[in-house]
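This report describes selected features of one protein structure. Please examine the sequence and the model before reading further.

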Amino acid sequence: MPCRNANPDYCQCVPTQYQAILSQRSARLPQDTKIFRVIDSKADGYPDVFVDCFGERFLLSTRETQVPQHLVQQMLEVSPLIYHKKLAQDKLPPEPLTESARFAPQRFEAMEQGVRVMLDMSSGYSQGIFLDQRDNRQRVRDLCQRGMRVLNTFAYTGVFSVYAALGGATTTTLDLSSPYLEWAKENFRINGLDPQEHFFCKGDTFHWLERFKRQGRVFDGIILDPPTFSRDGRGNIFRVEEDFGRLVALAAACLAPGGWLLCSTNCRRLSLASFKHAIHSQLPAASIVSYPMPFDFPGEAYLKTLFIDLQH
């Protein structure tokens with residue numbers, strides 16, 4: 001009978017291939033981290049298949065392929081809470097693959113690097129956090145200290161903001177969506193942070209950056225991780241490969257002396273060299289450092305991350 005132990009490190013059965021990968025990933029994770037990628041497609045021997053861990057829940061995502069039932073059986077030896085998402089329908093919420101998953105609470109907390117995150121398996125697009133940004137979130141926390149002001153644009157559920165606030169910064173969390181801003185406030189509260197001591201702005205990032213510039217409001221750090229494509233309320237279209245330079249220039253105008261920018265994109269059409277060029281074209285004197293993806297994403301290096309120090 002399969003072992004149902006939620007922790008494969010204590011399983012007395014002969015470990016399966018999935019358990020072996022899970023154990024190897026877990027051994028390398030930062031302390032108090034239960035949100036990570038377990039299987040990253042063909043890099044882990046499963047082409048077009050991805051498995052993400054969210055605490056005790058596991059999300060199996062597929063491209064143009066059937067759900068590998070042998071993998072599901074191996075996953076069941078670790079946890080009965082398994083969900084499936086078709087990446088071609090990424091705006092739809094995952095579907096439970098088991099009865100246990102069907103009746104489990106949709107909203108729950110899980111830990112990443114000691115930070116609590118509210119997640120939701122009924123949410124489409126993402127469950128409340130982008131796993132590939134884990135290292136960048138810790139970099140932001142390490143940069144922050146008491147008295148600093150950090151602006152998190154395109155903030156989604158505000159997890160970058162939570163990391164910055166835990167580092168001591170006063171944060172401004174900016175997003176087009178009111179529900180996401182409320183979700184961000186919830187992430188603040190479950191980490192013992194008072195949202196009223198921070199700022200939350202609803203609206204378009206370009207409009208707010210222009211407003212901050214007019215007001216003379218500046219920040220010590222700004223996080224820019226925009227969607228690859230978006231349209232604002234006025235019908236203006238943003239495309240990362242065409243408009244990131246303009247975004248960087250606006251953000252740089254809102255930086256305090258000695259400030260920094262963390263720029264990131266998952267746009268596959270934009271190469272790392274082109275990404276750097278877009279920034280250098282606007283900030284020719286800037287110091288730019290590139291960072292790799294987290295170790296649990298050994299497959300396609302789609303996420304580009306650049307840290308920009310303007311050295312005012």
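## Basis of the model

The model is predicted; local features need pLDDT of at least 70, side-chain atom pairs count only at pLDDT 80 or more, and totals for chains, interfaces and linings use all residues. Residues are numbered from 1 along each chain as its sequence is written, and side-chain values use heavy atoms, with hydrogens and water left out.

## Arg37

Arg37 lies in strand β1, residues 35-40. Helices (H or I, at least four residues) and strands (E, at least two) are DSSP runs, numbered from the N terminus. With a relative accessible area of 11%, Arg37 is buried; the term means under 20% relative accessible area, computed with a 1.4 Å probe on protein chains only.

Residues up to four places away in sequence aside, Arg37 touches several others, including Arg25, Phe50, Val51 and Asp296. Contact here means heavy atoms within 4.5 Å.

Strand β3 (residues 57-62) is mostly covered, for six of its six residues are buried. Arg57, Leu59 and Ser61 point one way from β3, while Phe58, Leu60 and Thr62 point the other way.

Two strands pair if DSSP finds at least two bridges between them. Strand β2 (residues 49-54) pairs with β3 in the antiparallel sense over six bridges, and Val51 has Leu60 as its bridge partner in β3. On pairing with strand β4 (residues 82-86), β3 runs in the parallel sense over five bridges; there Leu60 stands opposite His84.

Key:
Buried means under 20% relative accessible area, exposed over 50%, partly exposed in between (1.4 Å probe, protein chains only).
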